[in-house]
Structures are given as structure tokens and as C-alpha cells.
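Biologist: I have a sequence and a model to go through. Please take me over it.

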Amino acid sequence: MKLGLFLSAHHEPGDDAQRHLGEVLEQARTADALGFDAVVLGHHYLANSAFLQPVPLAATIAAHTERVRIVFGVHLLPLHSPIAVAEELATLDVLSNGRITAGFGVGYREKEYRAFGIPFKQRFKRLDEAVPIIRALWRGESVTAQGLFGEVTDARVHLRPVQPGGPPVWLGAFGARGIRRVAEHDACWLAPPDGDEATLRERLELLRSELKERGLSTDREYPLSREGYVAPSKSAALKAASEYILRQYSNYKSWDQAQQIEADSFLNSHALVCDPGEAVERLQRLERELGVTQVHLRMQWEGMSHEDAMAAIRTVGEQVIPRLQQEQA
């Protein structure tokens with residue numbers, strides 16, 4: 001079981017952007033030093049917060065870290081040319097010495113598509129067009145293709161990624177059709193923070209079934225994102241998280257729906273909010289029973305201070321990761 005840190009690389013409008021960038025980099029450097037496998041970056045345009053865009057931020061993180069992988073979780077691929085994405089992420093792979101994971105998705109906000117002049121209903125087709133083009137360019141192949149993105153004839157990317165064949169491709173998805181699309185592209189599914197363990201089990205069973213039907217190996221990464229907060233005691237973790245739960249949950253649903261949730265149930269079923277011992281136990285159960293290979297924890301929820309986030313990051317790095325590594329040794 002590997003752990004990643006989902007960076008909350010956005011802040012309140014009007015706050016000091018340089019200070020916030022420094023905090024994000026401190027979190028990334030700490031994750032790198034404490035044995036986290038990855039740092040994960042989200043992607044939005046026209047957000048309600050001041051949002052550090054992931055491509056330039058990934059380059060900055062690469063310069064400030066040594067070993068931790070840099071994961072897009074997820075990059076809004078349909079809003080961009082696959083040619084541009086192939087070249088930009090190849091560049092990032094070189095800058096990071098082969099530490100990029102290309103998590104792609106379509107997003108869920110129509111206003112982002114309207115702003116780019118792209119019909120929202122085209123988002124899945126654009127993703128389907130782009131993924132094989134990007135992979136072929138990373139392999140050094142000549143690509144001739146025409147689609148919603150435009151047209152290329154004998155296109156090549158001569159800047160080759162450090163990783164053979166290019167960065168691993170993960171696809172984010174919530175529903176059954178999206179999970180089938182993951183199998184169609186022979187990719188890894190980046191499971192979202194939505195859904196309890198029973199829902200996650202159903203979705204993973206569907207993915208593995210779809211892979212087998214296509215004659216594809218099920219031996220691959222199974223990454224999972226989760227809201228999390230780990231403190232020396234569970235009561236301290238619950239106290240820290242409960243103040244922010246409604247604001248965080250409303251990001252995925254709506255504020256009205258967030259008002260209807262039962263906080264304790266949500267924190268137990270959709271999040272990892274606990275002490276280090278329970279964190280190890282639950283993470284091992286996800287690995288043992290569901291085959292999850294890595295969990296990306298977002299430990300800075302809406303409105304939470306950098307200091308509180310750093311406390312949770314250090315607790316995980318000092319008291320959870322070593323125990324997971326010891327169990328696997």
C-alpha cells in the first residue's frame with residue numbers, strides 16, 4: 001500500500017498567493033522527505049478560489065522535490081489539444097526525471113467548457129480521441145488523425161518522455177460507463193473520493209470484469225482518492241475535520257445536499273479521519289479486500305490552516321507510512 005498527498009493548491013481570493021505557494025511547496029517537500037509515494041494536483045478553471053494551475057505547478061514541485069511522483073488527479077484533457085498535452089507532459093517528465101503520472105478526466109462543470117467554446121456533450125468523445133494520440137506520440141510514433149481536436153498528418157513529438165512509452169495514464173470516472181471507458185483504453189482507474197467501501201467494491205468488480213472481457217491484465221495500479229485527517233487520537237482527528245466537513249462535501253455535491261448528511265457516518269464511510277492505528281488497519285483492509293494499491297489523502301480541507309494540514313501530514317509520514325512499510329517487509 002502506497003500513500004499519496006492530494007495538495008489543496010488553491011486559496012481564498014485576495015489571500016497572499018506567494019505565501020500560499022510557499023505552503024504548497026512545503027507540503028510537497030515534507031511528503032517527499034517522509035516517504036509519501038506521490039503528490040496529487042487537481043485542475044479547474046474559473047474556480048471560486050484562487051487556483052494554482054497544475055502544469056506550471058508540477059514543474060515547480062519537480063524542482064523542489066527529489067523522489068515523489070507528481071500525479072494529475074485529474075487534468076481536464078478534453079479542454080486541450082492532445083498535441084499540446086503530449087508535448088507539455090513530455091516536458092514535465094523530463095523536468096521531473098520521469099516522475100509524472102498522467103491522470104486525465106472530463107470534469108463536471110459546464111461553465112469550463114462554455115469558456116473554451118467546447119460543447120459539454122463532446123467531452124467524452126474528445127477524451128476518447130485524445131488518449132491514443134497522446135500515447136502514440138509518447139512512444140515516438142508518427143500520428144495521422146482527424147477529429148474534434150483538429151487534424152495532424154505525420155505528427156511526431158521528438159522530445160521523448162523519460163519513462164518508456166510515456167507517463168502512466170490514469171482515467172478518472174464516477175459511473176459505470178466511465179469505468180468501462182477506463183478498460184477500453186487499458187488504463188488505470190483513479191477512483192474518486194465519492195462513495196463508501198461497498199460502492200467502491202462494486203466499481204472495482206466492474207472494472208476488473210471489463211478488463212478480463214477484453215483479454216487485458218487486471219494486474220495494475222488501483223489508486224483511490226479520499227478525504228483524510230489523521231491525528232494522535234481519533235477524537236482530535238474528528239474535532240479537526242468536523243469543522244470543515246460541510247464545505248468540503250459541498251464541492252462534490254451541493255451545499256443543500258451537504259446540509260443533509262450525517263457527519264459521523266460520512267467521516268467513517270467516505271473519509272479516513274482517525275488515529276494512526278486505525279488508519280493503518282483501514283488502509284490494509286482496502287488493500288487486502290479490494291486490491292487498492294495506493295490511497296491519495298487530501299488532508300487540507302476547505303478553510304483548514306496550513307499548520308493543521310502539516311500536523312496531519314507529519315502524523316501520517318511518521319506514524320502510518322513506516323508501519324505500512326514494516327508490514328510489507
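Biologist: Which residue of strand 9 stands opposite Ala145?

Modeller: This is a predicted model, in which local features need pLDDT of at least 70, side-chain atom pairs count only at pLDDT 80 or more, and totals for chains, interfaces and linings use all residues. Residues are numbered from 1 along each chain as its sequence is written, and side-chain values use heavy atoms, without hydrogens and water. Strands (E, at least two residues) and helices (H or I, at least four) are DSSP runs, numbered from the N terminus. In strand 9, the residue opposite Ala145 is Val152.

Biologist: In which sense do strand 8 and strand 9 pair, parallel or antiparallel?

Modeller: Two strands pair if DSSP finds at least two bridges between them. Strand 8 (residues 143-147) and strand 9 (residues 150-155) form a hairpin with two residues between them. Over four bridges, the sense of the pairing is antiparallel.

Biologist: How are helix 2 and helix 3 oriented to each other, roughly parallel or roughly antiparallel?

Modeller: Axes are lines fitted to C-alpha atoms over the stretch in contact, and angles run from 0 to 180 degrees between N-to-C directions. Helix 2 (residues 54-64) and helix 3 (residues 82-95) have axes 9 Å apart and an angle of about 10 degrees. Angles under 35 degrees count as roughly parallel, over 145 as roughly antiparallel, 65 to 115 as roughly perpendicular and the rest as oblique. The two helices, helix 2 and helix 3, are therefore roughly parallel.

Biologist: Which residues of helix 3 meet helix 2?

Modeller: Contact means heavy atoms within 4.5 Å. From helix 2 come Val55, Ala58, Ala59 and Ala62; their counterparts in helix 3 are Glu88, Leu92 and Leu95.

Biologist: How many disulfides does a search of the whole structure find?

Modeller: A disulfide is a pair of cysteine sulfur atoms within 2.5 Å. Cys188 has a relative accessible area of 11% and is therefore buried (under 20%; exposed is over 50%, partly exposed in between; 1.4 Å probe, protein chains only). Cys274 is buried as well, at 0%. The number of disulfides found in the whole structure is zero.
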